[in-house]
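Please view the sequence and the structure together while reading.

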Amino acid sequence: MLLSYLLEPHAGKEKVVMKLKKLESSVSTGRKWFRLGNVVHAVQATEQSLHATDLVPRVCLTLANLNRVLYFICDTVLWVRSVGLASGINKEKWRTWAARYYCYSLLLSLVRDLYEISLQMEQVAHDRAKRKKSPSQELLEETEWLQSFLLLLFRSLRKHPPLFLDTVKNLCDILNPLHQLGIYKSNPGVIGLGGLVSSIVGIITVACPHMKLNTH
């Protein structure tokens, strides 16, 4: 999607763009095969989130995973229609439902991320308050509140890379359902770039399990 968006304005690239769009459609259909097993995985994730000790992550993750289950069910129905197994399915209606459930899931995941970020920022601020003040810290206290907040946010995320990656991935993923629902319109280049970043983050968390944000 990103490549076709970048090449489309250039003359003489029409055939390449057409091939890229066909490839995008074929890959999208193929991915739905792999998503068939994701329904089971989402159900298992829902059961695991029920055992979280902290109330906020437990509620957010449980509801997020339930919405993800509904999203995968809708996505499977769309796949059934796309391969011609059931022609009477209203494609637009099911696509809207899928985008809505996916958006709800990501919003709840982002709420969980914001909660975790607030805890990390509180811990960093507490640790700094326990230290003896230095001239640089006194200077920081005299700067604007926004600068202090952003600095604290940066230090908190730097100390917790899994939280940073999870937040980035959810922010990138939510661009597509927001666009489909008409809440926030984006061009294919932005959606493609978001998908690329999200995929890279996903690969990192698979290759390095310690970089995956765990439920506690």
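The sections below treat the cysteines, then the serine, then the nonpolar cores.

**Cysteines**

The model is predicted. How many disulfides does a search of the whole structure find? The search finds 0 disulfides. A disulfide is a covalent bond between the sulfur atoms of two cysteines. To be counted as one, two cysteine sulfur atoms must lie within 2.5 Å.

| Cysteine | Closest cysteine sulfur | Distance |
|---|---|---|
| C60 | in C103 | 15 Å |
| C208 | in C172 | 18 Å |

The sulfur of C60 is too far from that of C103 for a bond, and the sulfur of C208 is likewise too far from that of C172. C60 is buried, because its relative accessible area is 8%. C208 has a relative accessible area of 29% and is therefore partly exposed.

**Serine S198**

S198 belongs to helix α10, which spans residues 188-207. Its relative accessibility is 5%, so S198 counts as buried. When neighbours within four places in sequence are left aside, S198 is in contact with K169, C172 and D173.

In soluble globular proteins, nonpolar side chains tend to be buried together. The largest nonpolar core here has 14 residues, of which Y71, F72, A98 and I174 touch the most other members. At least two residues of this core come from each of the helices α3 (38-49), α4 (55-82) and α5 (91-130). Another core lies apart from it and has 7 residues, including I117, M121, V124 and L213.

Methods: Residues numbered from 1 in each chain as written. Predicted model: local features only at pLDDT ≥ 70, side-chain atom pairs only at ≥ 80, totals over all residues. Heavy atoms only, no water. Buried < 20%, exposed > 50% of the residue type's maximum accessible area, 1.4 Å probe, protein only. Helix = DSSP H or I, 4+ residues; strand = E, 2+ residues; numbered from the N terminus. Contact = heavy atoms within 4.5 Å. Core = buried A, V, L, I, M, F, W, Y, C linked by side-chain atoms within 4.5 Å.
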